[in-house]
Number of protein chains: 2
Amino acid sequence: MDNQELLRKFEPIFYPKSIAVVGISQNVFKVGSIWLKAIIDAGFKGHIYPVHPNGGEVHGLKVYTSIKDIPEIVDYVIVSIPRQAVPQLLDDCAGRVRAIHFFTAGFGEAGDETGRRLEKELVQKARQGGFNIIGPNCIGVYSPEARVPYGPAGRIGEVGSVGFISQSGGIGEKLSELGVARNIKYSKGISFGNGIDLDSPDYMEYMGADPKISVIGAYLEGTRNGHRLFSTMKSVASLKPLIVWKAGRTKVGAAAAASHTGSLASSAAIWSAAMSQAGVIEVQDVEELTDTMLIFQNLGQREIKGNGIAVVGGLADGGGGISVSASDSCAELGLSIPELSYATRQKLTGVLGIVGSILRNPVDLSQSGSNRAKIKEATGYVLQDPAVDLVILQIDAGILLKYLPWELVQSVFNVFIELSTEQRKPIVIVSPPGASETQRLEMERQLCQASIPIFPTMRRAAKAIMNLSRYSGSRGCS
Amino acid sequence: MDNQELLRKFEPIFYPKSIAVVGISQNVFKVGSIWLKAIIDAGFKGHIYPVHPNGGEVHGLKVYTSIKDIPEIVDYVIVSIPRQAVPQLLDDCAGRVRAIHFFTAGFGEAGDETGRRLEKELVQKARQGGFNIIGPNCIGVYSPEARVPYGPAGRIGEVGSVGFISQSGGIGEKLSELGVARNIKYSKGISFGNGIDLDSPDYMEYMGADPKISVIGAYLEGTRNGHRLFSTMKSVASLKPLIVWKAGRTKVGAAAAASHTGSLASSAAIWSAAMSQAGVIEVQDVEELTDTMLIFQNLGQREIKGNGIAVVGGLADGGGGISVSASDSCAELGLSIPELSYATRQKLTGVLGIVGSILRNPVDLSQSGSNRAKIKEATGYVLQDPAVDLVILQIDAGILLKYLPWELVQSVFNVFIELSTEQRKPIVIVSPPGASETQRLEMERQLCQASIPIFPTMRRAAKAIMNLSRYSGSRGCS
């Protein structure tokens, strides 16, 4: 399938012109009803068709008694009905819909004979009826541009260039939430559950072909066709960064995966080796997945020439200990903390003086006396050093605010927003939680909007940078 | 020195009856002046003596022109004057003070001849003058019970049973801040910088002997006397949990440590082996240090019979993916996720039903429909299972709040406060950050006050539990 065909195939799913919701009821606490309301509230512009045998009206919309009564071919159907009612529904859908998403669970993952039998029947009926199945046992599509919110909870964030693929609905929900919280802007996302028809390789191929997506993050538990998955990963990873978190790595994790999405997880070592060969960026948990999506989103367009990191800390007081431990975290994760040139150190001494300062690398700015001009000048010299490819700044709001009023703290972090726009070397910020959370979150919001990636710990920043730097390196940029 | 002598020796330092501040000025932005104000504001009950050659009055207190004019022997002197003025000050102090703390830097760590010479002179004069030196190049004492705040920033939290020892003033500041933020209640803390007189083993011995301290956390960069440090660690670790974060593990980290506190850091492997032999709990960063202090503070008094963890998630929706990845994190860090007994699974099926649920371990509560009674009953059965020694609960405020109003979320987490008090097996909570931070922080505050330890990620929870469980195991409890 060429790119144009792929984009066309997935258009009814990610840019539906009509959505039917099957399984709504007058009980507003039923998931189908909540979902319907969420789609309306998100501002979906296409046709919306609630379906229930009793008919009537809900939220000002006519309720259709059957999918067969809807006057057009429906692009995307969301189904939340008991599993035993599913085969009849599929018969009704034949030739009348383009894609059906099943929130309904209790198929292959349930582990009983009925579940397995039903799953096979579903695939057959989809082939015959000429539509695709998303799921079952999943939350389906998230498409901010098409105003399709993520699931019944209805979260919808700003439109961006990140795509996510999640075998788990809950992880997908966390990814969409962290998108809003951490300024990761999605183009689209999918939770695909058991993946009995469209499976992870299908979504990867599509997102690989989609020009609106610049980086893909995936949560996988297992696959039905390892050979196809790995060949797809390889071709997609050659086009754009593909970040994969493979859960079910351990024996207990694999057992949980079998109960969850009916996945057969195989050995962690085999997966890791195959992903590495495919050029995939492998991550270990939801934190590293979102950290890595964030750094690619914000810094993927900057040229990272090498592996040399400068760490700058001590904006208010006591940068020494943080410098020592930052060096450890970076070095342990494989980053290089090069010595600054003699010229840079001379310039720093000129700005900051000697006593109590650490003017090697890491650089301790505590002698700046929180003077905005000195901080900007000193950090500028560090950025200019030829051995430095990226600067990590430790901005500890909890400590800064013990010494400085909020206005001054704001003017200090504005220095870094200026530096980030005035020159091309990337700046990354470590902003540890503490006792001044309201202000810290506001500070992070402002820095986020300036496209500076922010991480809560030095170790997480270092891991994300390492993932970015390895990828740039493998592309011949370093 | 027996325990009583040790406690007496350190009494002027941690429970001073009088404090002199040398290096104040009329300039309220000078660190000495800020510090003086912080001590007054913290409500220190003893005598306070500002010292400055010009005399006069400040904050309603008489300013003494010299330490020699103060009408009593001063317990604790805080010094923030240029390094060249220090020898004269020490002559003035001979026989008139019990302990001097130098915020002043520029000694051994500066790397110049003057710094090294001055450092030797300081030790000599302390011996001759009959007083102890804290530092130089540090923030000194934190003693909530004596109302001595931590440093000029003046942070002071509730009184508790945790002690910290930090070679870095900045790390000490972060520890005191995270104490307030995460409900780690300190009995006392110390930042000791270059440690030229009283060094890390002295503070460890003291905190080991102090009956008010039940767990000690330390940040070290290096030591002047490895033999003494390790024999002290061994004897202190036999009395109470001693958690040590040794920074400067890598080559760049060690170089930063030399600039910071003049420490000679030796190889990470040597330190790790020696700490392990001494029975020390080794941690790797400020997060793991505070996580581990927190878990010992809150659960150190509960009996941990073994290594069996049950993970409970999915309170609102989609616990499946979290269950899989939680299993991985626990198993990778060495914890055991035992199968629940047949009886427990039968009881869970009775409460939660089958379809869409994961009733093994991890347990997915999403089928509880966020029903308070069902959540309590199901979690109670899990706690009662004979293979379960500790329960990790995933409470995701950001996702819960998308489905439930705040009052209902509160009543859900109150279930766990009840369960924690009604039975003896420990409960640990993982509360990931997200898009509903204000409510999450309020929720954490309430759970904290019920002495339930809270961690932001599954991996960090698992590490802290592993540290606790290993310690209990080595004490013959598991």
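Q: What makes the crossing of α10(B) with α17(B) right-handed?
A: In this predicted model, α10(B) passes α17(B) in a right-handed crossing. A crossing is left-handed if the near helix is turned anticlockwise from the far one by less than a right angle, and right-handed if clockwise. Helices are DSSP runs of H or I with at least four residues, and strands are runs of E with at least two, numbered from the N terminus.

Q: Why is α10(B) called oblique to α17(B)?
A: The axes of α10 (residues 286-299) and α17 (residues 458-474) of chain B come within 9 Å and cross at roughly 55°. Angles under 35 degrees count as roughly parallel, over 145 as roughly antiparallel, 65 to 115 as roughly perpendicular and the rest as oblique; therefore α10(B) is oblique to α17(B). Axes are lines fitted to C-alpha atoms, for helices over the stretch in contact, with angles from 0 to 180 degrees between N-to-C directions.

Q: Which residues of α10(B) make the contact with α17(B)?
A: Among them are B:Glu287, B:Ile295 and B:Phe296, where contact means heavy atoms within 4.5 Å.

Q: What makes β2 and β7 of chain A edge strands?
A: The open sheet of chain A has 5 strands in the order β2-β1-β5-β6-β7, with parallel pairing. β2 (47-51) and β7 (132-134) each have a single partner strand, so one side of each is left without a neighbour in the sheet.

Q: How do you know that β6 and β7 of chain A pair?
A: Pairing requires at least two DSSP bridges between two strands, and 3 bridges join β6 (residues 97-102) to β7(A).

Residues are numbered from 1 along each chain as its sequence is written. Side-chain values use heavy atoms, leaving out hydrogens and water.

Technical notes:
Chains are lettered from A and ligands numbered from 1 in the order in which they are written. This is a predicted model: local features need pLDDT of at least 70, side-chain atom pairs count only at pLDDT 80 or more; totals for chains, interfaces and linings use all residues.
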